[in-house]
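The sequence and structure come before the discussion.

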Amino acid sequence: PPAPAATPEPRRPSADEEARLRALIEGKASPARGDTYVLQIGAFSDAGKAAKLVDDLRARGFSAYTERAGNVTRVRVGPVAGRAEADATAARLKSAGHAAVLQAR
């Protein structure tokens with residue numbers, strides 16, 4: 001019988017990659033441009049409704065805020081570092097009943 005295929009060794013991060021990851025985790029560095037995301041939850045003509053949604057999202061542990069854009073007030077969550085974390089946040093928002101549109105920063 002043929003010998004079982006060898007499982008490749010996982011790639012270890014370089015010393016530079018480990019230092020950058022450590023700095024990100026400790027809050028001593030910012031993610032590279034393109035590695036930061038915000039999630040838009042909605043855009044409202046009534047700023048009061050937007051503020052109420054922000055309060056609800058914050059009570060659920062999301063870093064929500066509003067942003068004025070023309071005649072509407074956008075409700076956003078973030079910034080979130082990394083695509084995996086952004087996807088996880090979007091899933092949490094969905095389970096809380098909120099659709100989210102992911103936008104790279």
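## Helix H3 and the sheet

In this predicted model, helix H3, which spans residues 83-95, lies across strand E1 (36-44), E3 and E4, and H3 runs at about 30 degrees to E1.

## Strand order and pairing

The strands that H3 lies across belong to an open sheet of four strands, whose order is E2-E3-E1-E4 and whose pairing is antiparallel. Strand E2 (64-69) and strand E4 (101-104) form the edges, each of them pairing on one side only, and from one strand to the next the twist averages 40 degrees.

Strands of a sheet pair through backbone hydrogen bonds, in either a parallel or an antiparallel manner. Here E2 and strand E3 (residues 72-81) run antiparallel and are joined by six bridges; glutamate 67, for example, has arginine 74 in E3 as its bridge partner.

## The nonpolar core

The largest nonpolar core comprises 14 residues, and Ile41, Leu57, Val75, Val77 and Leu93 are those with the most contacts inside it. Two or more residues are given to this core by each of E1, helix H2 (47-59), E3 and H3, with the largest share, four residues, coming from H2.

## Surroundings of valine 77

Which residues are in contact with valine 77, once its neighbours within four places in sequence are left aside? They are Val38, Leu39, Ile41, Leu57, Phe62, Ser63, Ala64, Tyr65, Thr89 and Leu93; among these, Ile41, Leu57 and Leu93 are, like Val77 itself, listed with the residues that have the most contacts inside the core.

Technical notes:
Residues are numbered from 1 along each chain as its sequence is written. This is a predicted model: local features need pLDDT of at least 70, side-chain atom pairs count only at pLDDT 80 or more; totals for chains, interfaces and linings use all residues. Side-chain values use heavy atoms; hydrogens and water are left out. Two strands pair if DSSP finds at least two bridges between them. Axes are lines fitted to C-alpha atoms, for helices over the stretch in contact, and angles run from 0 to 180 degrees between N-to-C directions. Contact means heavy atoms within 4.5 Å. A nonpolar core is a set of buried Ala, Val, Leu, Ile, Met, Phe, Trp, Tyr and Cys residues joined through side-chain atoms within 4.5 Å. Buried means under 20% relative accessible area, exposed over 50%, partly exposed in between (1.4 Å probe, protein chains only).
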